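Hi,

Here is the structure we talked about. Please look it over before you read my notes below.

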Amino acid sequence: MKRLQILAILCLPMLLLSASLQAQNNTHSPFSRFGYGELNDNIPGAYRALGGIGIGMRDPRVINPSQPASYTVVDSTTFMFDLAASGLWNGYKDAAGSRNRGNGNLEYLTMQFPIWKQHIGMSLGLNPYSTVGYDFTLSDSINSDYHYARTYYGDGGITQVYGGLSFNVLNWFAAGANVYYMFGDVTNNRGITFTEINSTITEVSKIHVSDVRFRTGAQFFHTFDRHSFSVGAIFEAQSSLNGSYSKVGDGDTLSFNDSIPSDLPMVWGVGAMYNYGGRFMISADYTRYCWGQARYFDQTVPLQDRQKIAVGFEYTHNPLGRRYIDHMPWRVGFSMSDPYIRQIPGREYLVSVGTAFPLHNIGTTINASIEYGHRGTADLLQENYLRFTLNVSVRENWFFKRRL
């Protein structure tokens with residue numbers, strides 16, 4: 001009963017964070033006005049410095065919701081808690097010139113604990129599925145006689161609460177599954193104002209989502225001498241999306257209900273990790289999001305498959321050394337991904353670096369990462385961004401029984 005009371009208390013911050021995620025815009029990117037907005041890959045803060053890998057990773061210091069099979073790596077007496085925040089700077093360049101924007105946000109909240117020794121592990125958490133936040137104006141004229149301005153504004157996003165279980169089926173094989181409850185609203189506004197006649201035409205579209213989806217995962221792992229490796233895979237089946245779409249323009253309302261076809265895509269991915277003596281680690285992932293086969297409400301936004309390739313490397317000078325700096329891991333990563341919306345040109349490239357500050361006396365690690373990303377093209381819209389993420393991962397021995 002005491003454990004249930006503790007878990008109930010810990011779920012309260014998840015509710016508060018949910019309200020915070022719904023109230024804030026985690027992006028200023030004009031690219032977020034397409035589809036459901038910018039998608040989140042649910043990568044923990046420690047792995048963001050590694051290019052966003054995660055499918056093949058099994059680390060007792062990290063809660064990894066991107067791979068549900070990894071939860072059994074938690075120690076049989078350890079409770080883990082992870083909270084992250086980020087600061088984001090965006091630079092945009094197009095035919096109208098250059099501009100910069102910046103903001104800071106809470107990112108996610110996750111927890112992980114054993115259910116039965118090291119055979120069954122569980123994780124709970126709250127993180128965004130997509131985010132929308134943009135506000136820009138484009139001005140032009142017709143034959144230099146009639147001037148007009150197009151305005152675009154949008155906000156909102158889709159948030160997800162997840163719960164996952166992982167099972168060590170064998171000493172070298174684990175399987176797991178996440179169930180997600182997705183909820184949220186996305187609002188897109190656009191209008192055109194004619195200067196000479198002082199007339200404005202507006203259109204507002206809204207998406208409301210309330211649905212459940214599932215992800216399964218598996219990992220093979222083994223350690224011999226100072227060598228350890230793991231190979232993992234994830235899978236999500238394509239499913240119908242329970243949501244609604246409405247559009248209002250010039251006093252007319254077009255309402256769409258849940259019968260309008262819309263889907264969540266099939267997702268699959270593979271990854272591998274190799275570690276030598278806790279000093280050198282290299283990992284790589286490949287993930288495919290099959291948006292090309294998914295339907296999107298009124299079919300006005302053409303979708304396409306999204307591929308992501310990520311590679312990460314970590315170095316620790318001496319895990320058994322006496323100096324504090326000997327225990328600090330140094331991380332670097334790279335990723336390349338396609339947009340899931342055809343209107344967005346080019347690929348997204350990301351380079352990341354980071355480190356961790358272990359606090360041995362209290363079982364806590366502070367991870368810091370910096371990501372530099374580039375997407376778009378100079379002839380249409382080019383975006384460069386710099387994201388700084390800081391997360392605190394707490395590890396406590398909650399299930400240890402002291403002997404008298």
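Accessible areas here come from the Shrake-Rupley method with a 1.4 Å probe. By that method the protein chain exposes about 19,500 Å². Carbon and sulfur atoms supply 60% of that area. Keep in mind that this is a predicted model.

Overall fold first. The protein chain has two helices and 19 strands. It has 404 residues, and 49% of them count as buried. Among contacts between residues at least 6 apart in sequence, 65% join residues at least 24 apart.

Now the charged pairs. The salt bridge count comes to 17.

Glutamate 314 and arginine 61 form one of them, at 3.6 Å from N to O. Glutamate 314 sits in strand E15, and arginine 61 sits in the loop between helix H2 and strand E2, so the pair ties together parts 253 residues apart in sequence. Glutamate 314 is buried at 8% relative accessible area. Arginine 61 is partly exposed at 35%.

Glutamate 236 and arginine 215 also meet in a salt bridge, at 2.7 Å.

Aspartate 338 and arginine 347 pair at 2.8 Å. Aspartate 338 is buried at 13%, whereas arginine 347 is partly exposed at 39%.

Last item: a network of salt bridges links Glu38, Glu348, Arg375 and Glu383.

Best wishes

Definitions and conventions:
Residues are numbered from 1 along each chain as its sequence is written. This is a predicted model: local features need pLDDT of at least 70, side-chain atom pairs count only at pLDDT 80 or more; totals for chains, interfaces and linings use all residues. Side-chain values use heavy atoms; hydrogens and water are left out. Helices (H or I, at least four residues) and strands (E, at least two) are DSSP runs, numbered from the N terminus. Buried means under 20% relative accessible area, exposed over 50%, partly exposed in between (1.4 Å probe, protein chains only). Contact means heavy atoms within 4.5 Å. A salt bridge is a side-chain nitrogen of Lys or Arg within 4 Å of a carboxyl oxygen of Asp or Glu.
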